[in-house]
Amino acid sequence: MSEFFSGSTDADTFDAGMPTLDSTERVTDASNPRGLLGDAWYGLRRTWYFWISLVLIVFVAAISIFPQFFADKEKTSSLTGGCQLMDSLLPPSSEHWFGTDQLGCDVYSLTIYGARPSVITAIIATLATVLIGAIIGIVAGYYGGWLDSLLSRITDVFFGLPVLLGGIVILTALGAPGLWGVIFVLVVLGWVGTARLVRSTTIEAKNQDFVLAARALGASNLRIMRRHILPNAMGPAIVVAVISLGGFVGAEATFSYLGLGIQPPEFSWGSIISDAQSVFFTAPWTLFFPALFLTVTVLAFILMGDAVRDSLDPKLRK
Amino acid sequence: MGRYAVRRILQMIPVFFGTTFLIYAMMFALPGDPVRNLTVGKQTNPVYLEYIREQFNLNQPFIIQYLDYLKGILTLDFGKTFNGTPVLEIFQQRWPVSVTLALTAFGLEVLFGIGFGIWAALRKGKVFDHLSLSGTLIVVAVPVFVLGYVAQWVFGVKLGWVAPAGIQDGWPKSYIVPAAVLASLSLAYALRLTRQSLLEAFNSDYVRTAKAKGLPARTILRRYSLRNSLIPVVTFLGADLATLMGGAVITEGIFNIPGIGQQLYQSIRLHESVVVVGIVTVLVIIYLFANLIVDLLYGVLDPRIRYE
């Protein structure tokens with residue numbers, strides 16, 4: 001913070017006045033506001049599970065972006081001769097760390113290469129749901145009246161559709177078109193939660209004094225929404241976004257497990273688990289390792305969401 | 001409260017139409033001609049195909065078909081499948097199984113969710129509290145189909161306590177493991193919710209007052225802390241019961257339980273839109289009414305809440 005204020009005499013006296021300020025002490029002086037994100041980062045650094053989830057997420061990101069550094073794509077397909085039927089259902093060994101599946105493919109390589117589709121689906125679906133949900137929520141909450149009634153009823157319709165049920169129907173109707181179908185379903189059925197959340201924070205924020213002040217100063221609706229309402233709604237929306245990343249990873253796996261998501265020859269954790277179900281009783285490793293990676297990924301995003309929520313919500317901070 | 005209930009029911013009407021319309025439209029958009037699908041690979045008299053289309057109203061425009069369908073529902077006529085079985089008959093076979101499963105799961109959820117939640121709150125920071133918190137976190141993260149297979153393998157195959165699949169052993173033996181799998185996610189939420197709201201109540205002024213009056217700890221828990229902190233839990237459970245009824249597609253599939261979820265999945269695969277729309281319609285109605293009851297329950301449980 002001292003470099004931020006360097007050159008200013010005010011800051012010099014401020015620094016001189018607080019010689020024993022160390023990093024563990026909370027800075028509450030109004031002359032040094034950290035802002036929303038700075039505040040969140042301050043809280044995050046002190047949460048142990050933030051670091052654990054960060055390490056896990058970085059790992060998952062690494063195997064999604066560069067699977068070739070970790071495993072061999074050859075060993076995931078019979079077409080390239082990487083899987084030999086004589087290697088079928090071998091238990092874990094030094095050659096096949098996670099064993100082999102029915103076709104003799106290396107489960108370790110399958111698991112590493114199965115990460116990318118789940119992660120890509122989750123990221124795109126999260127960005128789209130947050131964007132759509134935030135826009136609809138702010139418009140409905142800010143303008144109110146008939147527009148709010150209309151948008152709220154539409155929200156209710158989608159809220160009445162369970163994601164799994166609606167997803168199965170839509171994906172079957174589309175003829176199971178693969179990953180894009182899953183992303184489409186997750187966005188169409190998933191924006192509702194964010195919209196409701198943003199709407200309620202908007203309604204809360206729009207009657208506050210700072211919004212009235214801004215309006216009295218002649219600010220346009222668009223400016224009020226962007227500069228005053230949005231920052232207030234952002235905190236909860238970020239939390240929902242991080243948690244839904246985990247939820248969408250699980251959802252992609254569920255649809256692929258049901259055969260409605262990713263289509264062969266491509267594969268993801270969900271479809272690997274689905275293929276493993278027939279041999280699971282005799283070769284549990286075929287299901288265990290992809291399921292472990294899937295679970296740990298979801299867990300990492302949930303923990304990260306918890307950490308972000310705790311650090312963004314001043315009411316929870318001690 | 002009466003006026004509030006009436007207004008809420010009126011608001012449910014557009015939601016009901018919207019949801020059923022959406023599902024009906026989606027089933028209508030399913031690729032392929034349903035009549036042609038029935039006669040794959042066979043030479044069929046076109047007059048006969050025309051007859052079937054006429055009989056099932058398939059020649060009418062979409063909107064007429066939809067309105068016709070709604071008219072049937074009002075008289076509890078959910079239509080017939082193409083092989084002539086009334087959908088209502090399928091319901092009569094399938095719903096009892098799913099309701100049994102859902103209620104068993106619900107029982108586990110109430111018993112262990114609330115019970116362990118209270119215990120964890122009373123032992124805050126102790127071993128059981130940490131165990132339950134990390135345990136629930138893992139349950140939330142494990143996808144239900146993984147949990148289902150693991151439970152089936154452990155209890156059905158390794159330990160051999162129950163048959164791995166099917167309902168031939170009746171209740172409770174055949175239902176307990178699938179119900180536990182079905183309940184696991186909501187149980188975890190219920191546990192965390194109970195613990196959290198109970199801890200909030202422990203810090204409240206009225207509990208401090210009760211303590212200062214010298215009331216025994218048991219009385220404070222029962223009459224003061226629990227009563228207030230269970231309000232969010234009860235409302236969560238209420239909404240969840242509806243979800244349990246329809247959310248068993250995967251669990252019923254893994255454990256081969258002939259309930260509504262399995263029927264739904266099969267019917268979607270077979271493009272039997274009458275059955276799909278029927279099931280989803282009933283589920284939506286259950287869901288809407290569960291939410292209404294929950295909202296009304298708020299006011300009964302917490303007299304401070306007033307309906308406009």
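This is a predicted model: local features need pLDDT of at least 70, side-chain atom pairs count only at pLDDT 80 or more; totals for chains, interfaces and linings use all residues.
Residues are numbered from 1 along each chain as its sequence is written, while chains are lettered from A and ligands numbered from 1 in the order in which they are written.

Helices here are DSSP runs of H or I with at least four residues, strands are runs of E with at least two, and both are numbered from the N terminus. The axes are lines fitted to C-alpha atoms, for helices over the stretch in contact, and the angles run from 0 to 180 degrees between N-to-C directions.

Next, show side chains along H6(A), including Pro117(A), Ala125(A), Ile138(A) and Tyr142(A), which belong to the set that meets residues of H11(A), among them Met225(A), Ala237(A), Phe248(A) and Glu252(A). Two residues are in contact if their C-beta atoms, placed from the backbone, lie within 7 Å. By class, this contact has 18 nonpolar, five polar and one charged residues, where Ala, Val, Leu, Ile, Met, Phe, Trp, Tyr, Cys and Pro count as nonpolar, Asp, Glu, Lys and Arg as charged, and the others, Gly among them, as polar.

**A buried helix**

Now select residues 269–276 of chain A, helix H12, in which eight of the eight residues are buried, so that this helix is largely enclosed by the rest of the structure. A residue is buried if 20 or more other C-beta atoms, placed from the backbone, lie within 10 Å of its own, exposed if 12 or fewer, and partly exposed in between. Trp269(A) and Asp275(A) are among the buried residues of H12(A). Around them, display H5 (107–113), H6, H11 and H13 (285–312) of chain A together with H7 of chain B, against which the buried residues of H12(A) pack.

**The second pair of helices**

Move to H7 (residues 145–159) and H9 (residues 179–206) of chain A, which pack at an angle of about 130° with their axes 9 Å apart. That angle makes H7(A) oblique to H9(A), since angles under 35 degrees count as roughly parallel, over 145 as roughly antiparallel, 65 to 115 as roughly perpendicular and the rest as oblique. H7(A) passes H9(A) in a left-handed crossing. Pick out Thr155(A), Phe158(A) and Phe159(A) on H7(A), which make the contact with Leu189(A), Val192(A), Ala195(A) and Arg196(A) on H9(A).

**Whole chains and their contact**

Zoom out to chain A, which has 13 helices and zero strands, and in which buried residues make up 43% of the 318 residues. Chain B likewise has 13 helices and zero strands, and 35% of its 308 residues count as buried.

Finally, select the contact between the chains, which takes 33 residues from chain B and 30 residues from chain A. On the side of chain B that touches chain A, the largest share, eight residues, comes from H1(B). By class, that side of chain B has 28 nonpolar, five polar and no charged residues.

Definitions and conventions
A crossing is left-handed if the near helix is turned anticlockwise from the far one by less than a right angle, and right-handed if clockwise.
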